Amino acid sequence: MTAQEIRQAFLDFFASKGHQIVPSAPIVVKNDPALMFTNAGMNQFKGVFLGEEPIKFPRVVDTQRCLRVSGKHDDLEEVGIDTYHHTMFEMLGNWSFGDYFKKEAIAWSWELLTEIYKIEKDRLYVTVFEGDEKEGLPKDQEAIDLWLQYVNEDHIVLGNKKDNFWEMGETGPCGPCSEIHYDGRSLQQRLELPGRDLVNQDNPDVIEIWNNVFMQFNRVFGGEKGGLSEYIAVIEENKNNLGLNFDIKKWKSDNLFLYSKLIDLPAKHIDTGMGFERLVRVMQGKASNYDTDIFQPLIQFISEKSGIKYEKVSDNSGADKMEAISMRVMADHIRAISFAIIDGQLPSNNKAGYVIRRILRRAVRYSYQFLGIKEPFLNKLVLILAEQFKGVFNELWEQREFVKKVVLEEELAFLRTLEKGILRFDIIMTRGAVIPSNAELTKEINAYRDRKILHGFVAFELFDTFGFPIDLTELMAKDFDFTVDIAGYEAALQQQKNRSRAATAIDTGDWIVLKDDETVEFVGYNETETIAHVVKYRKV
Ligand code: ATP
Ligand code: MG
Ligand code: MG
Ligand code: MG
């Protein structure tokens, strides 16, 4: 089946089970201070789950364009290096709002995978929540019993709270989830080591494809140790006693259950998400998402242009050459950039716009350095992409010329300084720094270098003079086995801000952290674990 057919089969299958097909929400989120980009299919239904919006259709199905490059779900560093995490991807989802629950969700996911898609049953493993006594969360025996109708016990894997329990925020709707994983290894390998041992182990051949969330509880403040105000007070107290080793995030997760309790949701919901590109890879029998008909047209085009055969440099083992990684990065990133632009987020110098600019610059840098592409090139991929999404996300086709133009301009601007920046960086890495008229700083930079640390001043200079986002510098440093002195970089950045006092100074540090004085009611699934976030609860 082609990718198009696979997507359509998903929508048709759930439509045949009484689901309303709805369009994807934009990838850019404009009205939620807790979230910059749509990172899961359920985002657009948050209001429904919270009981704030009416249920239009009790059963819904769609394909949602998602972006996981910030906040809780930040996969950017993996993208291109591995073969199954993307920046932008489609999440296929079916929903029940207070309608069917576990029984149907499990039965239909199994029916679709094994009868419609005809995936070999032996290769599928399902995970179920094992429970968490300390937090008073029960084991999901109901799901185990349901799964036993379809799979043998040895294909059921118990999972912990991290992998098999979903919560929207500290409080609010939550529940166990059950995921489906696919073992793509050879028979011999499977006989040597059962797939169940590789589930959730970041193995490139045994991958998670589908998450079924069973929203059945509501976590509310007011537990064994009182409620919200007491919880806040203890956090405040700990904030003041912050020892160097005090981990507020851990403290929160260890103690929240004492201040809150779980109650049954009056209406239970189903929320599922299947990674479309991973499904297509499974269906097309490939070892990498990039070998499917979703990515191949892009990869082939890049390969032609650079004169490097992708197959020659990629063995999908994760030990690929930089050329292969670069091609994957480009094929992936142009999707994130294009969809962000059509959904209203242009690359810019702050917040969400800067995230997009960073992604674009990451792609340009890879293609420049490892594929020898010195002219603007990413923009040429836009037409191929738009063609692919005709009739699916038609907006891209309609706006293709505009997207192409924006990407071209961004590329031109960055390419102007990229070469000089890379040269500067290489000289410092290989020969050391010389900062004219500052012998002390020169000495310090080189002493750091001896310890395999890139001095913060250099990172700042690369940012300020050459436009290198800090994570790009980190990536380049990684190639040399260096880390970056982030504290020094931030101090230099701060100094510059103080000097110029420009209110418009580039806001690289806090593009995901909300400002303290903002009042929000919901610190949702994209929260960064900072004290500032917790304090915000008080203002509600
Ligand atoms: P993983 O453990 O592989 O990072 P996840 O548990 O973070 O995935 P979920 O939040 O459960 O993913 O999302 C539902 C589905 O979306 C996953 O089962 C997977 O198929 C897909 N998915 C998640 N992240 C990505 C990504 N970065 N690129 C492509 N598909 C993804
Ligand atoms: Mg993940
Ligand atoms: Mg996972
Ligand atoms: Mg998951």
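Let me start at one residue: glycine 285, which comes just after helix H9 and takes a positive phi of about 65°. Helices (H or I, at least four residues) and strands (E, at least two) are DSSP runs here, numbered from the N terminus.

A word on the source. Residues are numbered from 1 along each chain as its sequence is written, while chains are lettered from A and ligands numbered from 1 in the order in which they are written. This is a predicted model, where local features need pLDDT of at least 70 and side-chain atom pairs count only at pLDDT 80 or more, whereas totals for chains, interfaces and linings use all residues.

Back to H9. Is this helix enclosed or open? It is largely enclosed by the rest of the structure, because 7 of its 8 residues are buried. Buried means that 20 or more other C-beta atoms lie within 10 Å of the residue's own; with 12 or fewer a residue is exposed, in between it is partly exposed, and C-beta atoms are placed from the backbone. The buried residues of H9 are Phe276, Glu277, Arg278, Leu279, Val280, Arg281 and Val282. Their cover includes helix H1 (3-16), strand E2 (59-67), strand E9 (172-183), and also E5, E10 and E11. In contact, for us, means C-beta atoms, placed from the backbone, within 7 Å.

Take arginine 281, which is found in H9. Arginine 281 has 26 other C-beta atoms within 10 Å, so it is buried. Which residues is it in contact with, leaving aside neighbours within four places in sequence? Those are Lys286, Ser288, Asn289 and Thr292. As for lysine 374, 93 residues apart from arginine 281 along the chain, the two C-alpha atoms are separated by 32 Å.

Next, ligand 1. There are 16 residues around ligand 1, and those that come nearest are His85, Phe89, Asn211, Gly273 and Gly275. A residue is near a molecule or strand if its C-beta atom, placed from the backbone, lies within 6 Å of it. Which element gives the largest share? That is E10, with 4 residues. By type, the shell around ligand 1 divides into 6 nonpolar, 5 polar and 5 charged residues. In this scheme Ala, Val, Leu, Ile, Met, Phe, Trp, Tyr, Cys and Pro count as nonpolar, Asp, Glu, Lys and Arg as charged, and the others, Gly among them, as polar.

Now a pair of strands. E6 (residues 124-129) and E7 run parallel and are joined by 4 bridges; two strands pair if DSSP finds at least two bridges between them. Between E6 and E7 the chain passes through helix H4 (residues 141-147), a right-handed β-α-β crossover. Right-handed means that, with the strands pointing away from the viewer, the path from the first strand over the helix to the second runs clockwise. Opposite isoleucine 156 in E7 stands valine 126. Isoleucine 156 belongs, with Leu158, to the uncovered face of E7 (residues 156-159), while Val157 and Gly159 form the covered face.

On to the domains. The domain assignment of the chain gives domain 1 (3-280), domain 2 (295-418) and domain 3 (432-500); such bounds come from an automatic or database assignment. The centres of domain 2 and domain 3, taken over C-alpha atoms, are separated by 27 Å. Where they meet, 6 residues of domain 2 are in contact with 5 residues of domain 3. On the domain 2 side, helix H13 (351-370) and helix H16 (400-430) each supply at least two residues. H13 has the largest share, 4 residues. That side divides into 1 nonpolar, 1 polar and 4 charged residues.

Last, some single residues. Tyrosine 448 sits in helix H17 (residues 439-450), and it is buried, with 21 other C-beta atoms within 10 Å. Not counting residues up to four places away in sequence, tyrosine 448 touches Ile453, His455 and Asp485. Aspartate 485 is 37 residues apart from tyrosine 448 along the chain, with 8.8 Å between their C-alpha atoms.

Most residues other than glycine have a negative phi. Serine 437, in the loop between H16 and H17, has a positive phi near 60°. Serine 437 has 6 other C-beta atoms within 10 Å, so it is exposed. Aspartate 481 also has a positive phi, about 70°. It lies in the loop between helix H19 (470-479) and strand E13 (483-484), and it counts as exposed, with 7 C-beta neighbours inside 10 Å.

Terms used: Two residues are in contact if their C-beta atoms, placed from the backbone, lie within 7 Å.
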